[in-house]
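This briefing is meant for someone opening the structure for the first time.

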Amino acid sequence: MLRIKRVPTVLSNYQKEESEDAGATGGCGRNCMRDCCLPGAKLPLYAFRKSDKVESSDKKEPPFAFLDSLLLGEWEDRVERGLFRYDVTACETKVIPGDYGFVAQLNEGRHLKKRPTEFRVDKVLQPFDRSKFNFTKVGQEEILFQFESSEDDEVKFYPNAPVNINNSPSVVAINVSPIEYGHVLLIPRILECLPQRIDHESFLLALYMASEAGNPYFRVGYNSLGAFATINHLHFQAYYLAVTFPIEKAPTRKITDFNGGVVISEILKYPVRGLVFEGGYSLEDLSNVVSDSCMCLQDNNIPYNVLISDSGRRIFLLPQCYAEKQALGEVSSELLDTQVNPAVWEISGHMVLKRKEDYDGASEENAWRLLAEVSLSEERFQEVIAIIFEAISCAVVVTEAGSLGDEDELRDVEDVDQVRDVDGSGSHKAGIVAGKQECMVQH
Amino acid sequence: MEQQPMGTSIEQSINNRYSIWVREALDELPHSFTITDPLISGHPIVFASREFLKMSGYSREEVIGKNGRMFQGSRTNRRSVMEIREAIREERSIQVSLLNYHKNGTPFWILFHMFPVFSKEDGRVIHFVGVQVPIMPKPRRSGSEFSRIEMNLCENGSGFRDTVLGFCRREVCSDTVAELGRISNLDQILTDDTELHDTACKVSDLEKRRVNTAISNIVSMLTHYSESTGRLVSDKRCCPSNMSLVGASLNISLGRIKQSFVLTDPHKSDFPIVYASDSFLELTGYGRHEVLGRNCRFLSGKETDVSTHLQITNSIQTGKACTVCILNYRKNGSPFWNFLHMSPVRNASGKIAYFVEVQMDLNCGSHENKNLRPEIRQLSVVGAVKVAVRSSGMIATTSDS
């Protein structure tokens, strides 16, 4: 069993008291999201329109970005009510000079001066454990609104909608340790207590949130267990950062056209190898391909992160192996000392640093070095792609040899299985993790 | 009701900088380009050349006042769109091949080059010019989408035929010339699909040269016609823009926020307004030049409670948020109860850079926003401003170096 030690991030103000909380019954006095406090509870409800077509362009701009305003307004309201552990806008931040524009933030307040806890990192799917902290224990004041699809074909908003216990609402809650402004958690069907595991419905919900917010700088992310999720209760994260993430700038190479107009590409010239999904005749087409891929990874026990970018139009899927290397003692102490946990945001190029010296000395090389450790090796990555494609039943149609203008983007069909140095620098040596039994394709 | 001031500001965007003949002169250039104004909310097109209208199939009225993204479509590469967005924010030029859509829905490749035009007096960005040179697809080995599109273009009847056929023919000639030079690189001829990938479209030197010619013609035209107004423009930033007012990139981000608010500078004596939103100008009836640089107290009148002012000043001095209800007056003298919320806004260094003051006319219903509580709407402005200011500073740090 592989474990790493780390200090968990506090996502809710009720997480700290977790130990003294065993088996509380009856009105617990905290106005939480459990049976004791939910009867009669009311929360704003935003119901989005389920459309069957992806907007072909931005031609029809809604007159008013409703979800965006609701989220920002409710979040700022919690700022004024003092619910956050620190003011994230008081944390210094900068774009690191270089070609990629990695973003660094100095955040000395996020890190608890608490002893590290052990996390099991070799199992991507673990059953829900009611005795551990979960989001039904948060106070209702931390919930911003309920988020669901509208029954008719129209966006609806109810400022004071009763919480329907039988319907298990999906909710958007604040993260009390934000890494940027507007940092929230989307918790699908919160009362069902789903473990951290992607399913079609929940992923589509997350995609709708990105698309409804309609702001390219509001991105939604997901960390699987083993890829730095700390709470085993299904949740997505999201926040605002009005700069382009380095991963969004990375060139891509198309691998194949998939059903429903979805195009799958491979990220090039980026320290972390991964896939990009875009296009699709409908949001659902895109969502299904990505969630099928995620489900394949989790079923094969491969930890991964997901970034939903460009208002839901581009989705990055990044299998990773950092926690595993860390548990096996293969990560240098220099990297470990920074205590940066490479979750989805770090992988996308937004580095939250805990120590002043790391912030002051932040460079593209350092960021690259860390992320190169996160990435699967080229060999393993190609294996994983094959597993995914097998699962989503799609024959890989490799484009003809020499189909790209840029010479280091050239590759041959035969070449796909070889370990290659995509950035051509030869500087980052990604450790090769041998394929594990669990990762074999199952028939 | 808000159309009128918008239309005027678009007219003025050109008229303020250039003498009266500039439109005609620009129209005589054989290039396809647009001029956009990042200082107007929504970053609209304020000028579109005759050649551009021909190429896109739209009439001038359909284009002026709109954002350039109206020409993009489902297969436009999102990464290129993002690169353009980033260049605008960083106030620099960019060249990228882009799949645009004709009014009739037909996609076509262009080499897009956008560059900022600076004001000579203070070095601020006043306009962006977007030059568009059509790229004709090269013959492909596989039966690709493109040859089909080409066919479509040429077979399509109607008025569209003339203009596009025109450039089809031109391009056919230039194509062969360009092709000759490329035979040695035959391997590099793209076979990738057109969808989503700009790499599918190889830009030749010819197209790059045409872009360069267009840039130099447009710049010399703009410089020439700005001379007579005394408000000179330049394609280079002449002096560092460490102005008291906010830069173009922050202006663009703030321009997206469709509510009444101002930013004031708490580090300057008497806390002057450094940014005023369009809705603020609509609410108060003042023009932008009448409010920038002034303290908000000009909105007060004889019935205004003096102690409220003290509360506001106190809030700024202590760096705390506050909400007050204050009697204000419009330019025409009519009073209104202003439900005012203000909050400090920090920059990328985590220091307070501005105070945002969000006004709300208490008599004005918020019908358009369904039932989002007025306080939440107000706070959403604070949030949006915080995000914009924080992020714009992060980029400034890099471009200063």
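Two strands are said to pair if DSSP finds at least two bridges between them. By that rule, strand β4 (residues 103–106) of chain A pairs with β17(A) in the parallel sense, over four bridges. The model is a predicted one, and the points below are grouped by topic.

**The chain as a whole**

- Chain A contains ten helices and 17 strands, and of its 443 residues 63% count as buried.
- When contacts in chain A between residues at least 6 apart in sequence are considered, 75% of them join residues at least 24 apart.

**The sheet that holds β4**

- An open sheet of three strands in chain A runs in the order β3-β4-β17, and its pairing is mixed.
- Its edge strands, each pairing on one side only, are β3 (93–95) and β17 (350–353) of chain A, and neighbouring strands of this sheet are turned by 20° against each other on average, direction ignored.
- Leu106(A) stands opposite Leu353(A), a residue of β17(A).

**Strand β10 and its partners**

- In strand β10 (residues 218–223) of chain A, six of the six residues are buried; Phe218(A), Val220(A) and Tyr222(A) cover one side, while Arg219(A), Gly221(A) and Asn223(A) lie on the other.
- β10(A) runs antiparallel to strand β11 (residues 236–240) of chain A, joined by four bridges, and Arg219(A) stands opposite Tyr239(A) in β11(A).
- Four bridges also join β10(A) to the antiparallel strand β15 (residues 304–309) of chain A, where Val306(A) is the bridge partner of Tyr222(A).

Technical notes: Residues numbered from 1 in each chain as written. Chains lettered and ligands numbered in written order. Predicted model: local features only at pLDDT ≥ 70, side-chain atom pairs only at ≥ 80, totals over all residues. Heavy atoms only, no water. Helix = DSSP H or I, 4+ residues; strand = E, 2+ residues; numbered from the N terminus. Axes fitted to C-alpha atoms, helices over the stretch in contact; angles between N-to-C directions. Buried < 20%, exposed > 50% of the residue type's maximum accessible area, 1.4 Å probe, protein only. Contact = heavy atoms within 4.5 Å.
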